[in-house]
Amino acid sequence: GKGRTGLILICYLLYGGLRRSGLSARAFYDSQRTLDSKGLTIISQIRYAHYFEEQLRRIKAHIPCSVSETSSPAMLLKK
């Protein structure tokens with residue numbers, strides 16, 4: 001599905017620094033994936049994309065957050 005795939009791609013765009021915001025990453029994905037710009041439409045997936053953006057911002061800024069690099073290997077950032 002375009003929703004699950006889109007969520008991963010949007011997170012990758014953020015993680016890789018290819019887009020600076022969740023909104024920008026979503027807009028890019030939506031415009032590239034569908035003709036009607038409705039790529040990611042499930043509310044929980046949209047919420048998670050923005051949650052990921054916020055956690056990524058906090059980790060990069062060394063701000064304490066509920067998800068740490070040690071407690072969540074999937075969030076491990078290479079230095």
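User: Is the crossing of H1 and H2 right-handed or left-handed?

Analyst: A crossing is right-handed if the near helix is turned clockwise from the far one by less than a right angle, and left-handed if anticlockwise. H1 and H2 show a right-handed crossing. This is a predicted model, in which local features need pLDDT of at least 70 and side-chain atom pairs count only at pLDDT 80 or more, while totals for chains, interfaces and linings use all residues. Residues are numbered from 1 along each chain as its sequence is written, and side-chain values use heavy atoms, with hydrogens and water left out.

User: How many helices and strands are there in the protein?

Analyst: Helices (H or I, at least four residues) and strands (E, at least two) are DSSP runs, numbered from the N terminus. The protein has 3 helices and 0 strands, and its pattern along the sequence is α-α-α.

User: At what angle do H1 and H2 pack?

Analyst: Two packed helices are described by the angle between their axes and the distance between the axes. The axes of H1 and H2 are 9 Å apart, at an angle of about 130 degrees. H1 is therefore oblique to H2. Axes are lines fitted to C-alpha atoms, for helices over the stretch in contact, with angles from 0 to 180 degrees between N-to-C directions; under 35 degrees counts as roughly parallel, over 145 as roughly antiparallel, 65 to 115 as roughly perpendicular and the rest as oblique. From H1, the contact (heavy atoms within 4.5 Å) uses Lys2, Gly6, Leu9, Ile10, Leu13 and Leu14, and from H2 it uses Gly22, Ala25, Arg26, Phe28, Tyr29 and Arg33. By class, these are 7 nonpolar, 2 polar and 3 charged residues; Ala, Val, Leu, Ile, Met, Phe, Trp, Tyr, Cys and Pro count as nonpolar, Asp, Glu, Lys and Arg as charged, and the others, Gly among them, as polar.

User: At roughly how many degrees do the axes of H1 and H3 cross?

Analyst: The axes of H1 (residues 2–15) and H3 (residues 43–60) cross at roughly 20 degrees and come within 10 Å. H1 is therefore roughly parallel to H3. The crossing of H1 with H3 is right-handed. On the H1 side, Gly3, Arg4, Leu7, Ile10, Cys11, Leu14 and Tyr15 take part, meeting Gln45, Tyr48, Ala49, Phe52, Glu53, Leu56 and Lys60 of H3. This contact of H1 with H3 comprises 9 nonpolar, 2 polar and 3 charged residues.

User: Is Gln45 buried or exposed?

Analyst: Buried means under 20% relative accessible area, exposed over 50%, and partly exposed in between (1.4 Å probe, protein chains only). Gln45 lies in H3 and is buried, because its relative accessible area is 14%. Apart from neighbours within four places in sequence, Gln45 is in contact with Gly3, Arg4, Leu7 and Leu40. Leu23, in H2 (residues 22–33), is exposed, because its relative accessible area is 57%. Of the 79 residues of the protein, 33% count as buried.
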